[in-house]
Amino acid sequence: MCKVYSVCNQKGGTAKTTSSVNLGIGLARAGKKVCLIDADAQGSMTASLGFRQPDELEDTLARILGMVINEEEIPEDFGIIHHPEGVDLVPGNIELAGMEVSLVNVMSRETILRQYIESIRDRYDVIIIDCTPSLGMLTINALASTDALIIPVLPAYLSAKSLEQLLMTISKVRRQLNRRLMIKGILLTMVDRRTNNAREIISLIHDTYGEHINIFKETIPFSVRAAEASAEGVSIYSHDPRGKAAKAYENLTREVLGND
């Protein structure tokens with residue numbers, strides 16, 4: 001059965017897109033059929049996979065959602081790009097910003113993305129949605145479509161504090177839109193354990209949430225190589241396969257597979 005994950009945090013700069021890409025490609029390397037969905041109007045996932053000008057793409061998630069709204073038939077493979085590293089991509093771009101506004105006036109507005117995902121779900125083992133860094137209508141659509149949520153968090157005060165609002169939103173979505181929604185885990189990213197502040201925040205997160213929410217054992221270290229990989233349009237496995245970030249994402253992939 002296909003599992004749908006959303007990687008979500010309304011706080012920006014949490015390595016959300018980097019984690020979505022490298023977890024997705026990690027799962028593909030483990031033999032899974034993976035589809036990545038870029039639900040962010042910035043098109044960061046699309047650019048990170050080598051499509052430098054996402055705003056120039058025509059067949060994107062925004063167009064697909066428009067077809068769902070208008071009850072148009074979506075051809076098989078429409079808008080899906082096959083990436084050389086073994087994953088499929090539904091690209092996103094600035095048109096999603098307009099879609100965010102348009103959804104407000106649509107009937108069943110919270111479930112438009114879910115309708116599309118249900119139409120492709122039987123073709124994949126894993127679908128990963130890279131959410132926009134906000135709690136707007138596109139993020140609500142992602143949460144309504146999701147089986148399990150991965151929450152990337154920096155070991156920094158403001159990033160940890162943003163968890164409170166996100167958890168309230170998750171609880172509301174679970175009650176009203178998606179009873180199967182669960183939290184797969186909190187993923188600590190861009191970790192530099194040499195600083196006292198990072199160690200204190202990590203300890204605080206474990207003390208505050210660890211009893212009720214899974215916190216992944218693997219943490220993603222701060223890595224210039226990971227940023228370089230995104231700029232190159234490839235995964236960390238291609239850019240720096242022996243580096244600490246690649247090893248961390250390999251371990252995270254095994255942890256995700258082991259928890260299923």
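A residue is termed buried when its relative accessible area is under 20%, exposed when over 50%, and partly exposed in between. The model is predicted.

**Exercise 1.** Classify Arg121 and its salt-bridge partner Glu118 by accessibility.

Solution. The side chains of Glu118 and Arg121 form a salt bridge with an N to O distance of 3.3 Å. Arg121 has a relative accessible area of 14%, so Arg121 is buried. Glu118 has 42% and is therefore partly exposed.

**Exercise 2.** Determine which parts of the chain are tied together by the salt bridge between Arg180 and Asp147.

Solution. The closest N and O atoms of Arg180 and Asp147 are 2.6 Å apart. Arg180 lies in the loop between helix H7 (157-176) and strand S7 (182-188), and Asp147 in the loop between helix H6 (137-145) and strand S6 (148-153), so the bridge connects parts 33 residues apart in sequence. Arg180 is partly exposed at 38% relative accessibility, whereas Asp147 is buried at 7%. Through shared partners, salt bridges join Glu118, Arg121, Asp147 and Arg180 into one network.

**Exercise 3.** Locate the partners of the salt bridge between Arg123 and Asp77.

Solution. The N to O distance in this pair is 2.7 Å. Arg123 is in the loop between helix H5 (112-120) and strand S5 (126-131), while Asp77 is in the loop between helix H3 (61-69) and strand S3 (81-82), 46 residues apart. Arg123, at 27%, is partly exposed; Asp77, at 34%, is also partly exposed.

**Exercise 4.** Describe the nonpolar surface patch that contains Phe222.

Solution. Met190, Phe222 and Val224 form the patch, together having about 270 Å² of accessible area. Phe222 is in the loop between helix H8 (196-209) and helix H9 (224-232). With 43% relative accessibility, Phe222 is partly exposed.

Technical notes
Residues are numbered from 1 along each chain as its sequence is written. This is a predicted model: local features need pLDDT of at least 70, side-chain atom pairs count only at pLDDT 80 or more; totals for chains, interfaces and linings use all residues. Side-chain values use heavy atoms; hydrogens and water are left out. Patches are made of residues with over 30% relative accessible area and no salt bridge: like charges are joined within 9 Å, nonpolar side chains (Val, Leu, Ile, Met, Phe, Trp, Tyr) within 5 Å. Accessible areas come from the Shrake-Rupley method with a 1.4 Å probe; for residues, only the protein chains shown count as cover. A salt bridge is a side-chain nitrogen of Lys or Arg within 4 Å of a carboxyl oxygen of Asp or Glu. Helices (H or I, at least four residues) and strands (E, at least two) are DSSP runs, numbered from the N terminus. Buried means under 20% relative accessible area, exposed over 50%, partly exposed in between (1.4 Å probe, protein chains only).
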